[in-house]
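Here is a short briefing to read alongside the model. Let us look at how the chains pair up, and then at what surrounds the DNA.

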Number of protein chains: 2
Amino acid sequence: MTAVTIACCAPIAREPLSESDAAELAIMLKAVADPIRLRLLSMIGSHAGGEACVCDLTGAFDLTAPTISHHLKTLRTAGLIDGERRGTWVYYRIIPEAVNRLGALFAPLAEPATL
Amino acid sequence: MTAVTIACCAPIAREPLSESDAAELAIMLKAVADPIRLRLLSMIGSHAGGEACVCDLTGAFDLTAPTISHHLKTLRTAGLIDGERRGTWVYYRIIPEAVNRLGALFAPLAEPATL
DNA sequence: GCGCTACTTAGACAAGCTTCGAAACAAGAG
DNA sequence: CTCTTGTTTCGAAGCTTGTCTAAGTAGCGC
């Protein structure tokens, strides 16, 4: 992603998305379009050191460990988080570029001083 | 939403999302987590005047009118777009606050000098 | 009124997603 | 090696979603 965000509007409101871009972005959006995964992402991102081990995550939900693992895999497959094993535990961290890309899609929509 | 975005990180990476916030945001995200709806949103937002009539939208897809209408309703129900009938045609426009909210969730993620 | 066009709603079906339990797998401690 | 902790994979039940056809509503022109 070397695209520079110019000024006016969110990319989504500047020109029509191509079919392939839309498909690619939808995959990422689908990954975060779930309350559990949204909270998982938030917990990982806000955890001390920017990373969290699965054991920290599992306790916050009324879900079984395999289910949490499945959601984490969904986020990982979408390229939003990355996992690393250190000893017994697996630590996950956010991939900022991916999250930024989603933000950039919608974010710089209007309402600077000039509007 | 009177929350002021402070500085450091995206909201999602600053503190864990509450269960209710996550549920609410997931509804909006689900609405955009679809290639068709993403393109519809983009086409509406980038159309001249900031609004597009359904007749402009339908032709761009290999889908029947009811299906397009269904997707538009999903976006409208999620609070992302608003529709208005003028004569024979129905015009849709983006609701900037809603789109901005999604952007603010992810956008200001780190990578300033101090991190 | 009548027909025509633009759009929405209703109902039905296939496909996919979420969740679970059980079992298999990996890494470290004794 | 065996035990424990933690993670992943597999298979199945239940629910949600995307799409269609058919029918309904709203405005325009004859």
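The two copies meet through the same surface, because 100% of the interface residues of chain B are also interface residues in chain A. Please keep in mind that this is a predicted model.

**How the copies are arranged**
- Chain B is superposed on chain A by a rotation of 180°, with 0.0 Å of shift along the axis and an RMSD of 0.1 Å.
- The two copies are therefore related as by a two-fold rotation axis.
- If you want a landmark in chain B, take Gly103(B): its C-alpha is the one nearest the axis, 2.2 Å from it.

**Who surrounds DNA strand C**
- There are 24 residues around DNA strand C, and those that come nearest are Arg37(A), Thr67(A), His71(A), Ser69(B) and Tyr92(B).
- Sorted by class, the surface near DNA strand C has 10 nonpolar, 8 polar and 6 charged residues.

**Side chains at the phosphates**
- In Tyr92(B), a side-chain N or O atom is 2.5 Å from a phosphate oxygen of DNA strand C.
- From chain A, Arg37(A) has a side-chain N or O atom 3.0 Å from a phosphate oxygen of DNA strand C.

**Which elements contribute**
- Two or more residues each come from α5 (65-77) of chain A and from α4 (54-58), α5 (65-77) and β3 (89-94) of chain B.
- With 5 residues, α5(B) gives the largest share of the surface near DNA strand C.

Conventions
Residues numbered from 1 in each chain as written. Chains lettered and ligands numbered in written order. Predicted model: local features only at pLDDT ≥ 70, side-chain atom pairs only at ≥ 80, totals over all residues. Heavy atoms only, no water. Least-squares fit on C-alpha atoms with pLDDT ≥ 70 in both. Contact = heavy atoms within 4.5 Å. Near = heavy atom within 4 Å. Polar contact = N/O pair within 3.5 Å; in protein donor to acceptor, adjacent residues only side chain to side chain. Helix = DSSP H or I, 4+ residues; strand = E, 2+ residues; numbered from the N terminus. Nonpolar A, V, L, I, M, F, W, Y, C, P; charged D, E, K, R; others polar.
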